[in-house]
Every structure is written in structure tokens, then in C-alpha cells.
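Here is a friendly briefing to read alongside the model. Please keep the viewer open as you go through the points.

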Amino acid sequence: MKKINNFLHQSLYVSPFHIAKRDNIVWWKAWIIRIIAVLIALLVCGTITIALTDINPVKMYFTMIDGVVGTPRLVWNMLQNTAILLCISLAVTPAFKMRFWNIGAEGQVLIGGLATAICMIFLGEKLPAPILITLMIISSIVLGAFWALVPAYFKTKFNSNETLFTLMMNYIAIQLVAYFTLEMSVPKGSGTPRVLEYGQLPVLFGQKYLINILIVAVITVIMHIYLKYSKQGYEISVVGESEKTARYIGINVKKVVLRTMAISGAICGIAGFLIVAGTDHSLKSDSAGGRGFTAIMVSWLAKFNPVFMVLTSLLIVFLEKGASKISEVYRLNSSFSDIITGIIIFFIIGAEFFINYKIKVNLKDKEERV
Amino acid sequence: MKKILSLLLVAVMCVASVCMLSACGGEQADSDFKIGFIFLHDENSTYDKNFLDAAQAATKELGLSEDQVIFKTNVPEGNECYEAAADLADQGCDVVFANSFGHEPYVLKAAKEFPEVEFCHATGTTAHTENVKNFHNAFASIYEGRYLAGIAAGMKLNEMIEAGKITPDQAKMGYVGAFTYAEVISGYTSFYLGAKSVCPSVTMEVQFTGSWYDEALEKEAATKLLSNKCVLISQHADSMGAPTACENAGVPNVSYNGSTKDACPNTFIVSSRIDWAPYFKYIIESAQNDKEIAADWCEGFEVGSVKLTEINENVAAEGTKEALEEAKAKLISGEIKVFDTNNFTVEGKKLDSYMADVDTDPKYEKDTEAIADGYFHESEYRSAPYFDMTIDGIKLLNSMF
């Protein structure tokens, strides 16, 4: 017995440090950690760039910035892309805050876009623009909410796995849109969607994306207030923290789950509406472009805070656009810029670990050993 | 406090961007001519590689420096394409070229916004009806290349018949197509007519995948055709699916877009492809000399737009090379017409009139008489193919609109 104790004792000594959870970190310390992480990421990327290519890494970073904000058009483009990604991120946030794993944003966005496109095609010529656009918004919200409610209903009724269910709903939406695109393609059989002339969102002050950006800004503010100050927002956090506590204090968990998923799906539907009516003016199965999944990362990185989400979605869009500029200017395969953005995102996510945990060096143990 | 910091960050980013703007202006001033290319994917797709190689060859031959040529790869067929085209115009390009069919409406949108820049688009169909002066379509008379490839296939079938491996009735070819779309239909029909010109008993089955690039589906389609006892396969889709299935089964294959000999040494016969370098040279030289670019450009063997790869002598029938040379000369001189109405029938009847859907519209209206002087005038009223009939001898196993 003594031997075993001794052994255990010794084996504990092997590790020179241990990890402890931080209770609360001062805000500026958190930011210092984040900035250090970005700096290290840039250093690592620079080293890899020098090792693999003959590009000057500092120049490369400036190329990246140039590719995102180099011209007024690019700035608007960046804001537009940020707005759409932010909108989808806001949509998934209440569900994730409730610990309901909604992986189905991609499908909910597409189905909202499909509702919009169907209105634009079949009612476009018949209705005046204000009525048409109102109908487009309502139908995209209703269909998006429905697409999210199906898995939520099965979750509350039969306790089915929402991750798999929402994921599978994506494939149904993608196939529906693909079928629709093929049926409505012009010219026939080309598999290319037609451009929808009627029901395009109006151009405000000569800026075609401004209306998208304004709509998403409004949604951001509303979502912030809803999550932080409303009773429903509080219920969402309680259900997310502990379902049992929620039940104990008399929250109708099923109702909260259904309501929250409906909101999540409805905002995804709006995102689909903005993509089809506000930017693309057409619909195909990759119109959402994986943003339904990227949004999950944006939301988590911002710790479900809508205001921070503006920054995190901007960061993702910045990296994406900057990366494609790198491959354009240096004629590199896009894999290289993917490596660079991957490293940067890895370090930024890694920084969150050091913000939540601290590493303590086991000084005392060392002394004993000596 | 956090908000102040976020604001500060944004401010820093803005300042940095303004610095970049001023830094950029100086660098780009010296070169006067610029061309920008928009590609759907990158060099990992055989379709895009064909364009990329041609663009590199053409710009190098004309002595353009790297600063004068901008490549944008992986540009999807959506609003991103419009943004890419507009960005190229912002960067001072005199000519912008896009390579995928679905890019067309977005390139057209940019063309209307930048009247001083020439926008050229491969495989598109609307330049002749839109009448936007700086928007142009281009294609190549690839059906002639497919016809030659078909002759090589027919000679292989003849060799099998002579060797007693198959009876003349069993000379059935298989074809893997992407969509039931005029470009594909025109392609497989000319391939079939080429084979029929040397092997009169040939028949063909066509299986569509519903995708321009899907290796698994293309392989599956080829396997289905093989199980239907097709003795030779060709394809119009961009992956290695069909050639690989043929190599595994030991069945001869006529390829597309480029040689697949390295991967399929025992079954590859020959491949036809479009070489875009002549077109690129044409648009660059036209723009540099202020000459007008044709709204619809379609050339073939003469200027080198349509090419056949090297013939794989191990697989091809004897005398293939000579036969192809001879037929090519006759196509150039006009002695042979691929869609000669004497050589095919539709539902048992010879055609003397056919209204083709040349002008793009959502109702697919048939608008142009395409048969005159005893043949179907393919790619003459617009550059992209519009032959879309199912002729006798070809059986469609499915359709994918």
C-alpha cells in the first residue's frame, strides 16, 4: 500500500503545471490575451509563408487588407457579407443559448430563400412591389420557422436527437432547392437558375446593399434586447443552464423550446429572403454557401452576445475575402490561403481557452523534488 | 469600456485601409493594358484547367506581364461573380472574361455598368439578343471535334466486329452526359454521327448524371451503361468517373477536355477539347487595337480552337490517324457537314425544316429555322450549340433538365 501511495505521489510530480478555471477575468486582460494570440498567429503564418513560398509575409497581410477594404465597392461588399453572416448567426444564437443544437440553419435559410423565390416567380408580374415584398418576407419567415419547428416538435414530443434531425432537414431543403432550380432553369436543361426580375429589394441612396445592412442592424438590436432584457430571453438562459431548474421554477420547457426554435428558423428565413431578394436575385442549392454552419462558430466565438457577433462575423468575412485576394494576387491555389485563415482562426479560438482557464506552474512540487 | 475598445479596433482598421488605398494607387499606374479572368473553380477541375492553361499560354505569347493579367478562381455562379467582374473593372481591366455558363447574367449586369470595359463570356447564349455593345459570347465548333472522335470510336467498333468479338448488331456505344441540354445533346449526336459514318450499324445509349462534375455519379452511369452491354464509352462531364470505370472494365473510352491516357493507358483512344488560347489572343488584340469584338465568336480547326489529343496507338484501330486527318480536311473545306440531313433521321423521317430555340427565353420558344441547304446550321446563329433533337439510333435512358 505504501508503495502504491508513493508511486501515485511521484506520478503527480511528473506534471510541472496544472490547469485551473478562472472565475472572472478583467476585461483588459482578456483583450491582451486575444491580441497576443493574433500576433502569434501572424508570426506562425509568416513563418509558414516564408517556408513554403517566396512571398513577403508583411506584404501579404497588407494585400489581405487591400482585398477587403481597398475600394469603396469592396467595403460595401464586406459589409453586405458581414450582414448576411451576422443575420444567420443571430438566428442560431437563441437556440444555442438554450443548448438546443440547431445545425439546420443552412436548410432554414435555403427554405426561406425558396419561399421568396417562389413568390418572385409566380406573383412577380401580378402584384405591385410593396405587396409582393411583404408577401415574400411573410412567406420566408413562416417557412423558415416551420423548417425549424419540425425538429423542435419531435424533440419535445419524442425527445429525438435534434442535431441529427436538423442536419437531415438541411438535405431535404437542399434537394428541394436543387429540384426547383432544375425545373426553373433558363435555358432549359442548363441547370442554371434564372435571374428574378420582380421583387428585388429597392436601392437606398444609390447603395444596393444598404437595405440589407439596415435590416440586419435592426435585427441585431432587437435580438440583443430580447436576449438580455426580456423575460423570454431569461427563460432561454435558464433552460440552457439547467432544464431541471427551469422546470422547478415553473418554466414550461417544451413551450420555450418550440418558441425559441420558431424564432431561430424565422430569422434564418429572413436571411434567405435577404440573399434572394437583396443580393443574388436568384436561388440555387449553394446560395447559403455553408454560412449556416459558419454562423455557429461566429455565435460561439462571441459567447452568444449579439454585439460581439458584429465583430466575429466581420472577422470571418475579413479572413475569407482577404484569403481570396491572396490567391488572386500571388496566383496561389486557394488551399494556401485556407491554411492561413485556418491558423488565424485556430489561435483566436485557442485564446478563449486561456481566457477561461489559467495555467499554474507547480512551483512547490518542484522545490520538493529538488 | 469593451465597446470603446471595439470602436478603437474598427478605427485602426479604417486608418490601415486608407493607408493601403494610397499605397495601391502608385503601383498600378504604369501598365496600360489589363485583362481579368473569372474561373468557376481552380486547376483541380479539368474544365477550368483547360481555360487556365489557355489563358496563361495566350497572355505569355502576347508578352503581357504578370501585373497585366489577373486571375480570380473559385468564383461561384451568383452575385459573387458580378462583384468579381466589377472589382476587375475597378482594378483597371480593359477586358474581363468569365468561363462558366452560370456566370452570364452577372457578367451582363457588370457589362451594363461598365460600358468602357469589354466583357467576354464563354458558352453563353444571350449576347446576340441583349445587344449590349461590350458584352460578347464565345464557343468553339466542338461538335466537329466530337465528330472526329466519333470516327475513331466507329473504327474501333469495326475492328471489334472484324475480329469476331461482337456482331455488327452488338456495336452499341454508351455516353455519359451531364444534363439533357443542347450543348450535351449536340455533342453526343455529333459523336454518334461520326461513329455511324464508318460503322453504319452502330447504336448508342445515353445516361445523364444531372451534374457537370460528380465523379461518383459519372462512374455509376458508366457502370450502368457497361452492364447494358455497351462496348465503348464516351462522356460529356468533367470528372475522371467514366474513364476510370472503363479502365477498370477494360472497355475502350473516348474522352473529353484532355487526354486521360496516363490514368487509363489500356482503354483511352482519343479526346477532343476546346483550346481557348486563340480566342483569348483575339480578344486581347482586338481590345489593344480598338477593334470590335464579335458578339458571338465560334471557330474550329482552322484557327486551332478545336483540337484532338494524341491518339493512343495501343488502343485505337489501325489507320485511325490517317482517317481523322482526312475527315478533318473535309470538314475544313466544307465537303462534310456534321449535321447533314442525309445522314440522320428523327422518328424515321428525314428533316427538311427544324425550328431551334436560339434566343434565350423562359418559355423555351422555338424561334429560328436551322435547316437549310441540306444540313443543320449548328453554332451559326449564336456561338453556343442549339441542336437538341433525339435522332434515331440514340436511346436516352433518362433525362435531367
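Leaving aside residues up to four places away in sequence, B:Ala195 touches B:Gly150, B:Ile151, B:Ala153, B:Gly154, B:Leu157, B:Met173 and B:Val202. Bear in mind that this is a predicted model.

**Nonpolar cores**

- B:Ala195 is also one of the residues with the most contacts inside the largest nonpolar core, which has 119 residues.
- A second, separate core has 88 residues, among them A:Ala83, A:Met169, A:Val276 and A:Ile326.
- As background, nonpolar side chains in soluble globular proteins tend to be buried together.

- Strands β6 (residues 172-177) and β7 (residues 203-208) of chain B pair in the parallel sense over six bridges. Within this pair, B:Tyr175 has B:Val206 of β7(B) as its bridge partner.

**A closer look at β10(B)**

- How many of the seven residues of β10(B) are buried? Seven of the seven are, so β10(B) is largely enclosed by the rest of the structure.
- With β9(B), the pairing of β10(B) is parallel over three bridges, and B:Tyr256 has B:Ser272 in β10(B) as its bridge partner.
- With β12(B), the pairing of β10(B) is antiparallel over three bridges, and B:Ile274 has B:Val306 in β12(B) as its bridge partner.

**The six-stranded sheet of chain B**

- This open sheet runs β2-β1-β3-β4-β5-β11 in chain B, with parallel pairing.
- The edges are taken by β2 (69-72) and β11 (296-299) of chain B; each has a single partner strand, so one side of each is left without a neighbour in the sheet.
- Neighbouring strands of this sheet are turned by 20 degrees against each other on average, direction ignored.
- Strands β4 (residues 118-122) and β5 (residues 135-140) of chain B run parallel and are joined by four bridges. Here B:Ala122 stands opposite B:Ala138 in β5(B).
- Helix α3 of chain B (residues 79-90) packs on the sheet and touches β1 (35-38), β2, β3 (95-98) and β4 of chain B. The direction of α3(B) makes about 155 degrees with that of β3(B).

**Chain A and its helices**

- Chain A has 15 helices and two strands, and its C-alpha atoms fill a box of roughly 85 × 60 × 40 Å along the principal axes.
- Of its 370 residues, 42% count as buried.
- Among contacts in chain A with a separation of 6 or more, 78% come from residues 24 or more positions apart.
- Which residues of helix α9 of chain A (residues 231-241) are buried? They are A:Glu235, A:Ile236 and A:Val239. These cover an arc of only 105 degrees around the axis, which puts them on the same side of α9(A).
- The buried residues of α9(A) pack against α4 (72-97), α8 (210-229), α10 (243-248) and α11 (253-280) of chain A.
- Helix α14 of chain A (residues 334-356) has 23 residues and reaches 34 Å from its first C-alpha to its last, close to the 33 Å expected at 1.5 Å a residue.
- Buried in α14(A) are A:Ser337, A:Ile340, A:Ile344, A:Phe347 and A:Ala351; their cover includes α2 and α13 (306-330) of chain A.
- Buried or exposed: which is A:Leu43? This residue of helix α2 of chain A (residues 27-52) is exposed, with 12 other C-beta atoms within 10 Å.

How values were computed. Residues are numbered from 1 along each chain as its sequence is written. Chains are lettered from A and ligands numbered from 1 in the order in which they are written. This is a predicted model: local features need pLDDT of at least 70, side-chain atom pairs count only at pLDDT 80 or more; totals for chains, interfaces and linings use all residues. A residue is buried if 20 or more other C-beta atoms lie within 10 Å of its own, exposed if 12 or fewer, and partly exposed in between; C-beta atoms are placed from the backbone. Two residues are in contact if their C-beta atoms, placed from the backbone, lie within 7 Å. A nonpolar core is a set of buried Ala, Val, Leu, Ile, Met, Phe, Trp, Tyr and Cys residues joined through C-beta atoms within 7 Å. Two strands pair if DSSP finds at least two bridges between them. The arc is that of the directions from the helix axis to the C-beta atoms. The expected span of a helix is 1.5 Å times one less than its number of residues. Axes are lines fitted to C-alpha atoms, for helices over the stretch in contact, and angles run from 0 to 180 degrees between N-to-C directions.
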